[in-house]
Amino acid sequence: MEEKTKPSSRGGFGSKIGFVLAAAGSAVGLGNIWRFPYLAAKYGGGIFLLIYLIFAITFGFALMLTEIAIGRRTQKSVIGAYKEVDKRFSLLGVLAAVIPALILPYYCVIGGWVLKYMTIFAKGDGEAVSVAEYAINDSDETLTFFEHFIGLLKQPSVFFIIFVLLTSVVVFFGVEKGIEKVSKFLMPVLLVLIIGIAVYTLTLKGAGDGLKYYLLPNFKGFTFSKLLQTIAAACGQLFYSMSIAMGIMITYGSYMRKEDSLESSVRQIEVFDTLVAFLAGMIIVPAVFVFSGGDETALNKGPGLMFITLPKVFAAMPAGQILGTAFFILVTLAALTSSISLMETVVAVVMEKFKLSRTISCFIVILVTLCIGMLSVLGYSSWSDFSIFGMQILDLFDFTTNNIMMPILALLTCILIGYTVKTKYIEEEVMYGEKQFRSKLLYSVMIKFICPICMVMILITPFVTEI
Ligand code: PHE
């Protein structure tokens, strides 16, 4: 009789804290640092915070628990895992492998931009860069440094390649010696950095008004339709922030020790993720407020906030060079631990599917990532005239994965667990070695009813708002 593969034979986390910090490392990323603060500012401050929190402890909890439990129960990478849960749902495993493989390249391109900004501030050039203007041929308009930089070919490529290599070094060393070790060191550093920067920002003159704007519910103009939009935004943000539907939590779950409590681990990961997002808001909203004299539009969405507005804010602050450097180190660490989790998910699939060693699998994944990522780099430079549905290549990858593939995967996973194999499948794994599953009722209501509704909402919102 074939013996069941023990977790140790494919490597695994050596401790509960190692697992929690690695999963939190995946969850804490660019989404926490620039997207969350911007959304909170846009959707009524305290109202958004409250809705997000409620979602985190209900809907986010259920989805994350599901993925980690699937991983730990099957002890397989995503393709094998879905196949083992139910053969008819095997295709979901393929989807769960394709999603991180498509996100990893462009995520590393953005990681490269962050790395570039870190070096700029570390060299003391932050101020010059924040005010620099670049002329465009035959036009009166000018470009900011950021727009100029991403339009180049060589520099963004070099920083992208460095970021991919940094990520792969960690993955190359495996789960315990690579991912766990690095997470146990980097995540506490990240926490100290973000607390330090937040405390400093709050001492600035005028920061109090920004803080109020961030924390207090703002009901002005808050109509029913805005409430629905806020719910959809909070839902989407949570989903992305917790690294759900990217195959990551299944992969990390498959390396988790059987003796550790699933329920409390998920709670701890959530607390870490939400705390960092909350603290990032305490930095960004007041800082931008002080700088812009209370102008909310300065909190605009997208890369502009992080790469154009914030550097200006730092440049105008006392000790801004140091603060800017600390901030971009923080963002680099956050992005790095996320890209590590993406790469590990893909490497685990290649190892298992093609029965290759970790080293060879890493090389294959690096190569493919570099090729696909270059498309995103080129999309902003030599191929900048090229666009599909009005989106540049990087945005296109981002949109298809986040707005289409991920909600579909999560929706079908809810159907698989809620109605096909039934929630018992997850409950048994949660109960392994435990006395009770405290959120059992909440869990099953979420997976069967609430999560599917949220997923459909995320799926249709962009199309409805488009109309
Ligand atoms: N959870 C990450 C964040 O909040 C996003 C992410 C993680 C994206 C891992 C891809 C891979 O930014």
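This is a predicted model: local features need pLDDT of at least 70, side-chain atom pairs count only at pLDDT 80 or more; totals for chains, interfaces and linings use all residues.
T251 has its place in helix α12, which spans residues 248-254, and this threonine is buried, with a relative accessible area of 0%.

- Leaving aside residues up to four places away in sequence, T251 touches V78, E344, T345 and A348.
- T251 counts as buried because its relative accessible area of 0% falls under the 20% limit that is set for buried residues.

**The ligand and its surroundings**

- The ligand is surrounded by 15 residues, and the closest of these are A27, L30, G31, N32 and S241.
- A nitrogen atom of the ligand lies 2.9 Å from a backbone N or O atom of A27, and a polar backbone atom of S241 is likewise found 2.9 Å from a nitrogen atom of the ligand.
- At G31, a polar backbone atom is 2.6 Å from an oxygen atom of the ligand.
- When taken alone the ligand exposes 310 Å², and 100% of that area is buried by the protein.

- Side chains of opposite charge can pair when their charged atoms come close.
- In this model the count of salt bridges comes to 11.
- One of them joins the side chains of E429 and R72, with a distance of 2.7 Å from N to O.
- This pair links distant parts of the chain, since E429 belongs to helix α18 (residues 424-431) and R72 to helix α3 (residues 46-74), and the two are 357 residues apart.
- Are E429 and R72 buried or exposed? Both of these residues are buried.
- The two residues also take part in a network of salt bridges, in which R72, K258 and E429 are linked.

**Salt bridges: two further pairs**

- R257 forms a salt bridge with D260, and the closest N and O atoms of this pair are 3.1 Å apart.
- E428 forms a salt bridge with K424, and here the closest N and O atoms are 3.4 Å apart.
- E428 and K424 are separated by about one helical turn, because they stand four residues apart in helix α18.
- Within this pair, E428 is partly exposed, with a relative accessible area of 38%, while K424 counts as exposed at 53% relative accessibility.
- K424 is placed in the exposed class because its value of 53% is over the 50% limit for that class.

**V290 in helix α13**

- V290 is found in helix α13, which covers residues 262-292, and this valine is partly exposed, with a relative accessible area of 32%.
- Which residues does V290 touch, not counting those up to four places away in sequence? On that basis V290 touches K205, G206 and A207.
- V290 and D209 are 81 residues apart in sequence, and in space their C-alpha atoms are 8.3 Å apart.

Note on methods
Residues are numbered from 1 along each chain as its sequence is written. Side-chain values use heavy atoms; hydrogens and water are left out. A salt bridge is a side-chain nitrogen of Lys or Arg within 4 Å of a carboxyl oxygen of Asp or Glu. Buried means under 20% relative accessible area, exposed over 50%, partly exposed in between (1.4 Å probe, protein chains only). Contact means heavy atoms within 4.5 Å. A residue is near a molecule or strand if one of its heavy atoms lies within 4 Å of it. A polar contact is a pair of N or O atoms within 3.5 Å; within protein, one must be able to donate a hydrogen and the other to accept it, and residues adjacent in sequence count only if both atoms are side-chain atoms. Accessible areas come from the Shrake-Rupley method with a 1.4 Å probe; for residues, only the protein chains shown count as cover.
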